[in-house]
Structures are given as structure tokens and as C-alpha cells.
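Hi,

Here is the structure I promised. My notes on its pockets and ligand follow below.

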Amino acid sequence: MVVVMTPEATDEDVARVVEKVESAGGEAFVSRGVVRTIIGLVGDVDSFHHLNLRSMAGVADVHRISDPYKLVSRQHHAGRSTVWVAGPGHSVPVGPETFTFIAGPCAVESTAQTLEAAEMARAAGATMLRGGAFKPRTSPYAFQGLGIEGLEILSAVREATGLPIVTEVVDARDVAVVAEHADMLQVGTRNMANFGLLQAVGKAGKPVLLKRGMTATVEEWLMAAEYVAQRGNLDIVLCERGIRTFEQATRNTLDISAVPVVQATSHLPVIVDPSHAAGRRDLVVPLSRAAIAVGADGVIVDVHPDPEAALCDGPQALFGADLRALAQAVRRLPPVVGRVDAATRIKAIAPSLTV
Ligand code: PEP
Ligand code: MN
């Protein structure tokens, strides 16, 4: 941490800062420039926070040098992590060497629709199934999801297809029941800063898919991940899903640069959701190609057997021809950037033996 003094700061002001830091068990190194003095602090940064140095006379600014997020930062964990999502028959990696393709309907509407969407996803090469049972809708009049019944449908489709399931949890009170059915818990854009929910999913014992809040900075997003990590769960996959900008041509603006930015500062895997970013099916394939090229660890996309009849997000669900183009992109492009399809790295899970 560095304390920058104002040009008018007196020797006494400097001495008082040094004294305060030393009284908290830290060391302070004073460096006097022609115009300003700066003081470098060494010690426990968190304890310095409580000193309120910024409010002291003669202090212009206080800067952190280390990341405010510890557990998810690369500062103490140089390599990039792989998160394994364990399904009914196998475990799927999401990480730096592979490319993971996740697909499924925006919302679970019926067993037939979910099963058909899962078959479309699997035929296109997806190794995990998405689908919302609890839907966080902007309008309270819109379809809110089937809730527990939707979870039961997901469980049945999981068994039938063998695909691990990722599904959203919107309320801390539902974490236990969602964790009973899901292999990965999704926290959506609208709940990224719901700290109680983040703590609850951090304790649930399942990997977490943490979407970026549509108005969140990268630092706020990583701080949200830190809430999950702090509860003992480092199996977190981040998902860039577009941010709100002045642009109206797309629902949100996919911040493609966030992918390498996050990968440089955090060890967690990062995937991209082009469907919810764009809100338009014609952009899903080009944005998926961009995600692969920029180094994303996977994509998650909406597919529906009958997009025109979808109860949620039909305009972004892929028709068959688009899905074929996407399948081709996720098969051909990852090797160009040095990745293999996660499908080739799946680990079989030995059936547990009951003694
Ligand atoms: C979703 O994935 O179904 C969803 C609602 O996404 P987001 O939170 O990114 O809007
Ligand atoms: Mn949706």
C-alpha cells in the first residue's frame, strides 16, 4: 500500500502517518520527492484499512498494490485453475486447456421440451446442459419458471442423457433444493451482488457459475467471486454475459476484452454467454467464434426445439442451421488457439460402492 501526501503536507503530517502505521504493527518507508512525499507501507494491508489513513491531514490518496480479492487472484495462485463439474456418469473440465460447450433451453418448460433441447445440445457436441427452473425475470408478469417441478424435470433429463446440469438459483432459501438436483449452481447477472446468496452458494458444495452483473466492473465481479471463495468454495467459473451500455442494437454489449482481462488477474476459468449478451440468434455464432478466439474457456448458449413457442428468450434461441454452424465452430476453432474439446477430457466417474 502506498500513501501519497499532498504537496502542502508538513513533516508533522508525515510523522503522524508513520506513527499510526507503526502502531498497527506495520513498517513505513518515507520517500521525499521534489514536490511530494510518498510513504510505502509494508505489513498486513487489511489492518491498514482500519486506520483511516485517507482522512488524515496531509494525505492526498492511498493506493493498494495488491488485489483486494485474495482467494481468486493470481497474485497468490499463479497458474489458471480447472473446475470439474461432476454429472451422473462423468466429470467435465472447465479450464485453460480445454473448451467447454454448454447448451440448453433458457427455461425448463416441460419434460419433452427439455429432453429435446438436451438432445439437440448433445448432438451439437455440448458436454453440459443448461436450463432455468427458477427464472429471474425483469417483469413480474413474465413466466417465472417451473420451480421445483422444473428441477425434477432437469434431474430426469440428467439421468436420461448423462449430461451434467447447470441451473440458476435466485434465492438463498432455495440453494439446498437446487443443489440436490443440479451439478453446478448458476448465479445470474441480476444477483451477482446478492452477497447473502453468494455466501449460501459458497457453502453448498457444488461448483458455481457466476455471471457478471450487467452493470458490474471486473473488480466488482471478482469481489463477488471472492464472497463465494471465502465460504470455502473455489470451484467457480466466471461468465461474461454482456454489460449495459448506450448501444441499443443488442440487448447488452458483450465485453469480449473482459475475458483476457480477468484471466490475467484471476486464476478462475471464464466462459462467455453470447445468447444473453446479444439477445439475438443471428449474433450467437459470430460472438461464439469471437469468444473462442479471445481465449474463453467455454461458451453457454440457448437452444430450444421450437424457439417461436419458447416461454422465455425465444429470439436468441438457435434454429437448427445456426446450431450446426455453432457445432462446427466449437469443434474446429479451439484447436487453432491451442485447446482441445472438453469432451475429449471427460473423466468417467466410477460408480460409488456401498459397503
Ligand atoms: C440465464 O442464463 O438464463 C440468464 C437469465 O442469464 P443472465 O443472468 O445472464 O441474464
Ligand atoms: Mn434467458
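**Pockets and ligand**

The second largest pocket is lined by Asp46, Arg64, Pro68, Lys70, Met223, Glu226, Tyr227 and Gln230. (A pocket is an open set of points on a 1 Å grid over the protein atoms alone, where a 1.4 Å probe fits, with protein on both sides within 12 Å along at least five of seven lines; lining residues have an atom within 4 Å of a point.) Helix α7 (residues 218–230) gives the most to this lining, with four residues. Helices are DSSP runs of H or I, at least four residues, numbered from the N terminus.

This is a predicted model: local features need pLDDT of at least 70, side-chain atom pairs count only at pLDDT 80 or more, and totals for chains, interfaces and linings use all residues. Residues are numbered from 1 along each chain as its sequence is written, chains are lettered from A and ligands numbered from 1 in the order written, and side-chain values use heavy atoms, without hydrogens and water.

Now the largest pocket. Ligand 1 takes up this space (more than half of its atoms lie within 2 Å of the grid points). The lining has 20 residues; Pro136, Arg190, Arg251, His276 and Asp313 lie nearest the centre.

Residues around ligand 1 (a heavy atom within 4 Å) include Lys135, Glu168 and Lys211. Polar contacts are pairs of N or O atoms within 3.5 Å. For oxygen atoms of ligand 1, the distances to polar side-chain atoms are:

- Arg130: 2.7 Å
- Arg190: 3.1 Å
- His276: 3.4 Å

Best wishes

Notes
Polar contact = N/O pair within 3.5 Å; in protein donor to acceptor, adjacent residues only side chain to side chain. Helix = DSSP H or I, 4+ residues; strand = E, 2+ residues; numbered from the N terminus.
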